[in-house]
Amino acid sequence: MAIDTKISYWTQTTQAAPLAVFRVLFGLLMCVSMIRFWWNGWIEKLYLQPQFFFSYYGFEWVKPLGAYTYLIFLICGISAFFVALGYKYRIAIVVFFLSFTYIELMDKTTYLNHYYFVSLVSFLLIFLPAQVTASIDAVKHPQLAYSHVPRWTIDSLKLMMGIVYFYAGLAKLNSDWLLNAMPLKIWLPGSYDLPLLGYWLQQTWVHYAMSWVGVLYDLSVPFLLLFAPTRWLGYALVVVFHLLTRLLFPIGMFPYLMIACTLIFFSPQLHERLLAWGGHWLHWLKPNTESNRIWALDQNSFWLKVKVNLVIVFFALQLTIPFRYLCYPGELFWTEEGFRFSWRVMLMEKAGATNFKIVNRDTGHRFYVDNQEFLSPFQEKQMSFQPDFILEYAHFLKAYFEAKGIENVEVYAESFVALNGRKSQPYIDPTVDLGREKESFRSKHWILPFGDEIKGL
């Protein structure tokens with residue numbers, strides 16, 4: 001009986017309109033994001049001007065392609081636009097996922113949680129029938145048009161949104177955020193010139209209030225959106241929260257992306273009205289409500305089983321990856337081992353100064369490196385307090401100076417880091433030759449202990 005219930009969920013259907021609205025808004029915002037990136041000159045600044053790029057472990061082969069990097073952004077922007085149109089959707093969403101993820105892997109200096117979110121959602125969309133209504137594909141090929149889709153295809157997007165919010169809330173359950181109002185106590189006074197808000201942002205009680213409200217918001221908003229009686233309240237909170245964060249912090253398109261994506265929680269009828277309204281100007285946006293055709297694979301089909309199992313594995317990873325930090329010793333905010341890809345959004349203010357000493361093991365001759373000779377200011381800032389950046393840069397320096405003819409090069413880091421308003425502390429063991437240390441998933445023994453304690457998750 002239990003098995004029958006499980007099977008019946010995977011074969012339940014609902015209107016396809018929410019998937020179509022999600023596809024249109026997601027595609028348009030990503031297209032605008034690519035144009036914005038190009039328009040502001042960030043492609044040249046971030047991917048053409050630097051002579052060194054920091055890589056993700058295992059993806060060292062992904063690098064900017066010189067002037068051809070513009071072509072990657074062009075392909076990404078066009079594919080996002082095709083996703084919005086629902087034109088050649090299957091090809092477009094695969095190309096968008098690959099090109100966008102390639103862009104994000106080119107230099108981890110630019111890592112942001114919402115870039116990671118975009119890669120995950122675009123990967124998920126590969127397996128969802130988001131083009132079966134309100135799309136050019138559905139208009140040109142009526143045999144591919146459907147009014148209904150499996151319920152799990154829409155629920156999977158809701159679950160993805162819920163994970164982002166809820167895990168972001170869990171990450172805020174720590175003593176720095178709740179008991180010290182850090183790092184908002186550092187950041188908010190900087191917005192003193194905002195009309196109406198500037199004065200209040202200087203008040204300590206406001207820093208505490210916003211910290212606690214932030215936790216309650218993240219932990220509760222997925223559930224407010226999930227249930228009909230509280231859905232509009234939850235969405236109003238989403239709009240206010242994200243517009244406020246857009247006002248206070250330079251976080252780009254993320255607020256608009258979340259405001260658009262959380263519409264997925266609303267009823268199919270609302271989405272059909274939105275598509276019908278848009279269909280007055282663009283005929284292909286009209287929802288396919290009259291055919292009453294259901295997009296569904298036979299529950300015994302091989303492809304349905306493949307898709308369902310891939311989605312299950314995908315979410316199992318999403319639920320467990322944020323907790324991988326438990327496998328490492330030490331304070332997470334200090335070591336950052338397991339910090340990325342865990343929805344820890346704007347939780348710490350970290351600053352450092354890291355200098356590198358090059359030593360000839362045979363002669364004892366030594367000198368210090370001018371980091372500005374190799375890194376952009378943005379790269380140097382990020383490198384100065386993140387251990388994997390420090391190690392990769394040390395390897396680069398070793399190879400660079402060995403190529404210059406210096407033999408038996410040793411690389412030592414002298415690093416001091418300040419975390420969430422604390423005094424600067426020694427960060428890297430200055431006696432360890434980082435040139436000999438290897439990158440791996442093992443804990444980095446050469447990170448010095450944190451001289452304080454942060455309690456919580």
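1. Why are Phe22 and Phe26 separated by about one helical turn? Phe22 and Phe26 are four residues apart in helix α2, hence this separation of about one turn. Helices (H or I, at least four residues) and strands (E, at least two) are DSSP runs, numbered from the N terminus.

2. The model is a predicted one, in which local features need pLDDT of at least 70 and side-chain atom pairs count only at pLDDT 80 or more, while totals for chains, interfaces and linings use all residues. Residues are numbered from 1 along each chain as its sequence is written, and side-chain values use heavy atoms, with hydrogens and water left out.

3. Rings of Phe, Tyr and Trp (its six-membered ring) pair if their centres lie within 6.5 Å; planes under 30 degrees apart count as stacked, over 60 as edge-to-face and the rest as tilted. This rule gives 45 aromatic pairs. The ring centres of Phe22 and Phe26 are 6.1 Å apart and their planes lie at 15°, so this pair is stacked. With relative accessibility of 4%, Phe22 is buried (under 20% relative accessible area, with exposed over 50% and partly exposed in between; 1.4 Å probe, protein chains only). Phe26 is also buried, at 2%.

4. Tyr217 and Phe241 are stacked too, because their ring centres are 4.0 Å apart and their planes are at 20°. This pair links distant parts of the chain, with Tyr217 in α11 (residues 204-226) and Phe241 in α12 (residues 228-248), 24 residues apart. Tyr217 is buried at 7%, whereas Phe241 is partly exposed at 25%.

5. One aromatic cluster includes Phe52, Phe54, Phe356 and Tyr400.

6. The buried residues pack against α2 (17-39), α5, α8 (151-171), α13 (254-261) and α15 (302-320), where contact means heavy atoms within 4.5 Å.

7. A nonpolar surface patch of about 830 Å² accessible area together includes Trp38, Leu65 and Ile75. Patch residues have over 30% relative accessible area and no salt bridge; like charges are joined within 9 Å, nonpolar side chains (Val, Leu, Ile, Met, Phe, Trp, Tyr) within 5 Å. A salt bridge is a side-chain nitrogen of Lys or Arg within 4 Å of a carboxyl oxygen of Asp or Glu. Areas follow the Shrake-Rupley method with a 1.4 Å probe; for residues, only the protein chains shown count as cover. Helix α4 supplies the largest share, four residues. Ile75 lies in α4 and is partly exposed at 38%.
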